[in-house]
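Have a look at the structure first, then read on.

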Amino acid sequence: MEANNDMISSNVQEATVTSTGDFKLKNFVCGAFSGLLQTFILCPTEHIKCRLQVQEASLLNTSVATPLLPYNGPTDAAYQIYESHGIFRGLYRGWVVTAFREVPAFALYFSSYDFIKDYTNRALKLRYGTEQNPWIASGLAGGASGCFTWALVYPFDVIKTRIQTRSLNCTKGIYRTGLDIIAESGWRAMFRGLGVTLIRAFPVNGVIFPVYEFSLLKLTGADRMID
C-alpha cells in the first residue's frame, strides 16, 4: 500500500512539473506570437510618430526664415509616405527590426514574468510563513520582467528609430545601420536612453499585471488571485 502511495505521489509531482514547464513554454510561444501580430499595427504608427518627432529638428540647419514642416500631422505624414514609397518600403519601413524587437521581447516578457512571480511567491512564503502575497509578487515580477526585456532588446529599438527617421530613399538594413551608429558614436550609443527607459518600465509594468489580474478576478468572480 505504501509503495502504491509513493508511486501515486511521484506521478502527481512529475505531472505537476511537466504541466508547469508546458505552461511556461506556452507563455513564451504565445508571447512571441502576440509580439509578431502587433508589429503589423505598431510599425506604421511608430514610423509616423518618429517622423513627426524629428521633423522640426531637421529644419534647424535651413537658411529659410520661416521653413515649412514636411508633414502637417499624422494623416498627412501617412499620405505623403504612402504616395512616395508605398506600403512596404514606405509605411512599413523598419518592420523587420520592429519584429526583431517585439517578438523576443514579448516572449521573454510573459515567460520571465511567470518565472519571477513564482520565485517571488516562494521567497515571500519562506520569509513570512504560509501567508501569500500575490499582489506584491505580481507587481515586482511585472516591473522586473519589463526591465529585463527592455534591456535585452534596446539596441534593436535604437536601430529601428534610426531606420525610421533617416531619408526614405536610404536602403541600409539592420546590420549596416547598427555599424553606422557604432562608427559615429561608439557602442554605448546602442544603449543611449536605456536608463530612462528602465526607470519608466518598472512602475509601468509593475502596475500592468496586478491591474490585469485584479480585473480578471472580478470579471470571473474568482475568490482569489491565481498564484
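Helix axes here are lines fitted to C-alpha atoms over the stretch in contact, and angles run from 0 to 180 degrees between N-to-C directions. This is a predicted model, in which local features need pLDDT of at least 70, side-chain atom pairs count only at pLDDT 80 or more, and totals for chains, interfaces and linings use all residues. Residues are numbered from 1 along each chain as its sequence is written, and side-chain values use heavy atoms, with hydrogens and water left out.

**Helix α5 with helix α6**

- The axes of α5 and α6 lie 10 Å apart, at an angle of about 100°.
- The two helices α5 and α6 are therefore roughly perpendicular (65 to 115 degrees; under 35 is roughly parallel, over 145 roughly antiparallel, and the rest oblique).
- From α5, Val-158, Ile-159, Arg-162 and Ile-163 meet Ile-174, Thr-177, Gly-178, Ile-181 and Glu-184 of α6, where contact means heavy atoms within 4.5 Å.
- Sorted by class, the α5 with α6 contact holds five nonpolar, two polar and two charged residues. Ala, Val, Leu, Ile, Met, Phe, Trp, Tyr, Cys and Pro count as nonpolar, Asp, Glu, Lys and Arg as charged, and the others, Gly among them, as polar.

**Helix α4 with helix α5**

- Helix α4 (residues 95-128) packs against helix α5 (residues 134-165) at about 160°, with axes 7 Å apart. Helices are DSSP runs (H or I, at least four residues), numbered from the N terminus.
- That makes α4 and α5 roughly antiparallel to each other.
- The residues in the α4 with α5 contact comprise 22 nonpolar, ten polar and four charged.

**Thr-177**

- Thr-177 sits in helix α6 (residues 174-185).
- With 1% relative accessibility, Thr-177 counts as buried (under 20% relative accessible area; exposed is over 50%, partly exposed in between, with a 1.4 Å probe and protein chains only).
- Leaving out residues up to four places away in sequence, Thr-177 touches Ile-159, Arg-162, Ile-163, Arg-166 and Lys-172.

**Asp-157**

- Asp-157 belongs to helix α5 and is buried, at 14% relative accessible area.
- Asp-157 and Arg-101 are 56 residues apart in sequence but 6.6 Å apart in space, C-alpha to C-alpha.
- A 2.5 Å polar contact links the side chains of Asp-157 and Arg-101.

Methods: A polar contact is a pair of N or O atoms within 3.5 Å; within protein, one must be able to donate a hydrogen and the other to accept it, and residues adjacent in sequence count only if both atoms are side-chain atoms.
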